[in-house]
Every structure is written in structure tokens, then in C-alpha cells.
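Work through the exercises below with the structure open. Each task is followed by a stepwise solution.

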Amino acid sequence: MPPPEAGDAGIGGTRFNGGMRLVVLTGAGISAESGVPTFRDAGGLWDGHRVEDVATPEAFARDPETVLRFYDARRHAVAFADPNPAHLALARLEAVFGEDLLVVTQNIDDLHERGGSRRVVHMHGELLRARCTACGAASSVTAPLIERPPCPRCGERMLRPDVVWFGEMPYGLEAIDEALLACDVFVAIGTSGAVHPAAGFVMTAAAAGAHTVELNLAASEITPLFDEVRHGPATIVVPQWVDEAIATRSARE
């Protein structure tokens, strides 16, 4: 899709037209205000655990009990978290932009879906899904994995969380890359800019001619790469940006 013409209305530097395509990348910062812990704290720990002990294939092979209990606990905690105004705002954005909007999330919670979004790619997997290490089938989690429920396909009791650990390939990269190359606006929300390949999405989109926007609590490691930057709590800056986007789009239709 060609870039917007110079006469198109803009909001805070972002320009929209009737057929504008958007890709929104979300990270831990968008769910933090719902009470979901961010990936790692300042000490390099994830909910009090070393990342190497709960987020690598080696950790699962060495101590599957600890890994399964860790993800069962996170799944239980997320069940009591609610989508916040930032999640709800992106659902409103989808209601207006439809198939012209794709949300790519690094988060493994389901707050986008519970907030109303449907066009979501979980590049790092999902807490509510499990994968069989025997046959490879993925399925919904219906019981704590520590109880070793059987795989719905093969019956083996060898399920692991269907999340992407360090050293594993993120999901949906081909589709994500296609969307980045076709989008007119790329927005990163609540990301640290430290985790690849997501940290490079802004460069892919910019190289294809997209306008790039960062909505973050504070400057990230890649803030200088964005055309437009708005810093503040996601529950404030995301709804503001979405309201402006919807108003501008509606005014042109």
C-alpha cells in the first residue's frame, strides 16, 4: 500500500487515511497495569525465579516440576487479572480498522482477547495452551500441568506450556514480517526494546516506509528509532492515541 499523501490528516505526527494498515506490537508494559508481572525485574528475576531456571528448554529437561509449577502459578494469577483501558482501547481500534489492524503481542496472557481483540498473534505463545512433547500437538489447558494431564491427541502425559522459551523460535514470524512490510503505521506499546526479534520490528516497518510510534512508560532501548514518541502509563497514552486515531479515521470516511 502506498504511503499517505501529504494532504492526509494527521494526529500527533501520525497520518491516517481510509485504507491505512496498522501493526501494533505490545509488550509486558501493557499488562503491568493489570497486575501481571513484567518479564524480568531489575535483578534479572521473573517472579522471583532466575529466567534460566524457568524459561529455557534445558530448565524443563532438568527440573520439569519447577517449570510446570511456575507456569501453573502464572496461569492462576492471570485468571484474576482484568484487561485495563489500554487493552480495551485496542479492541475499540480493531472495531474501527477491522482487518487493517494486527496486534502482535509478546505477552503470554489472554488480556487482549478478554478485552475484545480478535486479530492477535501471540509470538511468544500462550499460557492457556499446552504442547505435547511426544507428538507436538497443541491444545487448551484444562487442568494444572503439574498434574500431568494426557495429551488430547496421543494420550501421553508429556505436556509442557505452549510458550516460547529462550533458544526457541517465536511463532508467526512469517506472517508478522508480511504485515510489517505492508503496514503504514507501526506502534510499539509497553516494550523494552531489549528482546529480539521484536526489537527489530520498528526497523523493518520503517524501511518499508511506515510511520513508527512508541507508546511507553519511559524511553526504551530503541526509542531513537521511532518517528513519534509518547511516554506515560499505557492506561493513559494508549487510549488517548486510539481516540485520536479513530476520530481522524472517522472524519475521513
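The model is predicted.

**Exercise 1. Which residues of helix H7 (residues 173-182) are buried, and which are exposed on the other side?**

Step 1. Pick out the buried positions. In H7 they include Ile176, Ala179 and Leu180.

Step 2. Look down the helix axis. The buried residues of H7 fall within an arc of 100°, so they line one face of the helix.

Step 3. Turn to the other side. Glu174 and Glu178 are exposed there.

Step 4. Find the packing partners. The buried residues of H7 pack against S3, S6, S7, strand S11 (185-189) and helix H8 (201-207).

**Exercise 2. State the strand order of the open sheet of six strands. Then say which strands stand at its edges.**

Step 1. Read off the order. The open sheet runs S7-S6-S3-S11-S12-S13, and the pairing is parallel.

Step 2. Look at the edges. Strand S7 (120-122) and strand S13 (228-231) each have a single partner strand, so one side of each is left without a neighbour in the sheet.

Step 3. Examine one pair. Strand S3 (residues 22-26) and strand S6 (residues 101-105) are joined by five bridges in the parallel sense.

**Exercise 3. Threonine 26: buried or exposed? What does it touch?**

Step 1. Threonine 26 lies in strand S3.

Step 2. Find its opposite residue. In S6, threonine 105 stands opposite threonine 26.

Step 3. Apply the cut-off. Threonine 26 has a relative accessible area of 0%, and buried means under 20%. Threonine 26 is therefore buried.

Step 4. List the contacts, leaving out residues up to four places away in sequence. Threonine 26 touches Leu90, Val103, Val104, Thr105, Gln106, Asn107, His112, Ile189 and Thr191.

**Exercise 4. How many bridges join strand S8 (residues 125-132) to S10? How many residues of S10 are buried?**

Step 1. Count the bridges. There are four between S8 and S10, and the two strands run antiparallel.

Step 2. Take one facing pair. Glycine 125 stands opposite valine 163 in S10.

Step 3. Check burial. In strand S10 (residues 159-163), five of the five residues are buried, so the strand is largely enclosed by the rest of the structure.

**Exercise 5. Where do leucine 88 and aspartate 110 lie, and what do they touch?**

Step 1. Start with leucine 88. Its place is in helix H5 (residues 85-97). Leucine 88 is partly exposed, with 42% relative accessible area.

Step 2. List its contacts. Beyond residues up to four places away in sequence, leucine 88 touches Pro83 and Gly115.

Step 3. Leucine 88 and glutamate 113 are 25 residues apart in sequence, and their C-alpha atoms are 9.5 Å apart.

Step 4. Move to aspartate 110. It is in the loop between S6 and helix H6 (111-114). At 17% relative accessibility, aspartate 110 counts as buried.

Step 5. List its contacts in the same way. Aspartate 110 touches Val78 and Leu128, not counting residues up to four places away in sequence.

Step 6. Aspartate 110 and arginine 75 are 35 residues apart along the chain, with 9.8 Å between their C-alpha atoms.

**Exercise 6. What is the mean pLDDT of the protein chain? Over which residues is the pLDDT below 50?**

Step 1. Take the mean. It is 90, and 88% of the residues reach 70 or more.

Step 2. Over residues 1-12 the pLDDT is below 50. In the model, this stretch has 30 contacts beyond near neighbours in sequence.

Step 3. The protein chain has nine helices and 13 strands. Of its 253 residues, 47% are buried.

Conventions. Residues numbered from 1 in each chain as written. Predicted model: local features only at pLDDT ≥ 70, side-chain atom pairs only at ≥ 80, totals over all residues. Heavy atoms only, no water. pLDDT = per-residue confidence, 0-100. Contact = heavy atoms within 4.5 Å. Buried < 20%, exposed > 50% of the residue type's maximum accessible area, 1.4 Å probe, protein only. Pairing = 2+ DSSP bridges. Arc of directions from axis to C-beta.
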